[in-house]
Amino acid sequence: MVREVRAGRGMREVARQFRVDVSTVSLWVERSADHRLDRCLFTDRKPGRAWNRTGAGLERRVIQTRAWLRDESALGEYGADAIQRELRTQPPFALCLSRATINRVLSRHGLQDVARRIRRPAPPRGWYLPEVAAGRAEVDCFDFIEDLKIASGPLVDVLTAKSLHGTLTDAWVLAQLSAKGTVQCLLARWQHDGLPAYAQFDNGTVFQGAHQFADAVGRISRLCLALGVIPVFVPPLEHGMQNTIESFNGLWQAKVWQRYRVASIPELQDCSDRYIAAHRARTRTATEAAPARRPMPKDFKLNLHAPLAGQLIFIRRTDETGHVHMLGQRFAVGPDWPHRLARCEVDFDHHCIRSFALRRRAPTEQPLLATIEYHRPNKPFQGAL
């Protein structure tokens, strides 16, 4: 292009010939100036070093200081902070390079050896229950939103529910937090939607029962066992296990509690019912694709004094000796599994407790840690019928 322009052709004509903009032709003509073409630098990169780049001598000094700190210093620290401290002690003592400058120098010379964080994919939903993770079983998650204050009215508690795969949601406004009221809500949900394979709760006494008594099995656990639903108790502070219900709690508060100003419990329940109906209509496709639910037995009546049958599942983190706390007792599930997650299955039919190792990094590998013989005493239910 430059040769053609120097031969006397116009820039527009040259631009049409080479199919570029006139500004491109003008750029290279200006850059070549009056130099010989074989001595012009036809490159997009600007020649030379940046005006504010650290000098070569100072870069060598940084690299030499790092090598000395790594091999000779008592501390053995040779990162940017250590290099900065050492340079301040060397003449000229006013020399002070920033951490960012030192890190850029090290990066240019390939001396950055910081271990990068390895980001692993999250485990599948319900990974701690193999049947749920595989999509063959459904789990209903329950939780309480406590102490919501109606203006000029009472404090209320809201029991929320959401299924993991089918996204079936529910919310009940209760004047008092109690296991009796929770049982009635669970019965109403399961009569309408059918029974899941699992029901998940946190460790609250309303759900689990009294913690101070050994071998205590609460009202809600007995309801689940009577219906063939396996209750699962998970610690609320473990990451991910309560995400399904906790996210719905936040959604319900944003879309119902914070949107409407109500004066009574029935009015709040009416607003909640309209939202739940709309939410279920929007997520109907996911509900239809979810694992099948069993129908509720007709004329079911809860007998709190019936012998216990089936399974209880506790997700627990072991202590430093591999013990877990559940059912008001301390069980040794794995001395080689300290401070790790375990799934403990209390089998009332076979009088044993099976514990399985859980790891988020390998969610499909859940080896058996121990099988503990467990004979629960025939203790009658102590609560009010």
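In what sense do E5 and E6 pair, and over how many bridges?

Author: E5 and E6 pair in the parallel sense, over two bridges. Two strands count as paired if DSSP finds at least two bridges between them. Helices (H or I, at least four residues) and strands (E, at least two) are DSSP runs, numbered from the N terminus. In general, strands of a sheet pair through backbone hydrogen bonds, either parallel or antiparallel.

A word on the basis of what follows. This is a predicted model, in which local features need pLDDT of at least 70, side-chain atom pairs count only at pLDDT 80 or more, and totals for chains, interfaces and linings use all residues. Residues are numbered from 1 along each chain as its sequence is written, and side-chain values use heavy atoms, with hydrogens and water left out.

Start with Val232, which is found in strand E5 (residues 230-233). Val232 stands opposite Ile313 in E6. Val232 is buried, with a relative accessible area of 0%. Buried means under 20% relative accessible area, exposed over 50%, and partly exposed in between (1.4 Å probe, protein chains only). Leaving aside neighbours within four places in sequence, Val232 is in contact with Leu129, Tyr198, Ala199, Gln200, Phe201, Ile313 and Ile315. Contact means heavy atoms within 4.5 Å.

Strand E6 (residues 311-317) is joined to E9 by seven bridges, and the two run antiparallel. Ile313, the residue opposite Val232, also stands opposite Glu345 in E9. Strand E9 (residues 341-347) has seven of its seven residues buried, so it is largely enclosed by the rest of the structure. Both of its faces are covered: Leu341, Arg343, Glu345 and Asp347 are buried on one side, and Ala342, Cys344 and Val346 on the other.

E9 pairs in turn with strand E10 (residues 352-358), in the antiparallel sense and over seven bridges. Here Glu345 stands opposite Arg354. The hairpin of E9 and E10 has four residues between the strands, and His351 takes a positive phi near 55° in it.

These strands belong to an open sheet of nine, in the order E3-E2-E1-E4-E5-E6-E9-E10-E11, with mixed pairing. Its edge strands are E3 and strand E11 (368-373), each of which pairs on one side only. From one strand to the next, the twist averages 20°. Axes are lines fitted to C-alpha atoms, for helices over the stretch in contact, and angles run from 0 to 180 degrees between N-to-C directions.

Thr169 is buried, with a relative accessible area of 0%. Not counting residues up to four places away in sequence, Thr169 touches Ala161, Lys162, Arg189, Phe248, Ile276, His279 and Arg280.

Ile276, His279 and Arg280 are among the buried residues of H12, which also include Ile265, Leu268 and Tyr275. What covers them includes strand E2 (155-163), E3, helix H8 (179-193), helix H11 (243-257) and helix H13 (284-289). H11 itself lies across strand E1 (139-149), E2 and E3, running at about 45° to E1.
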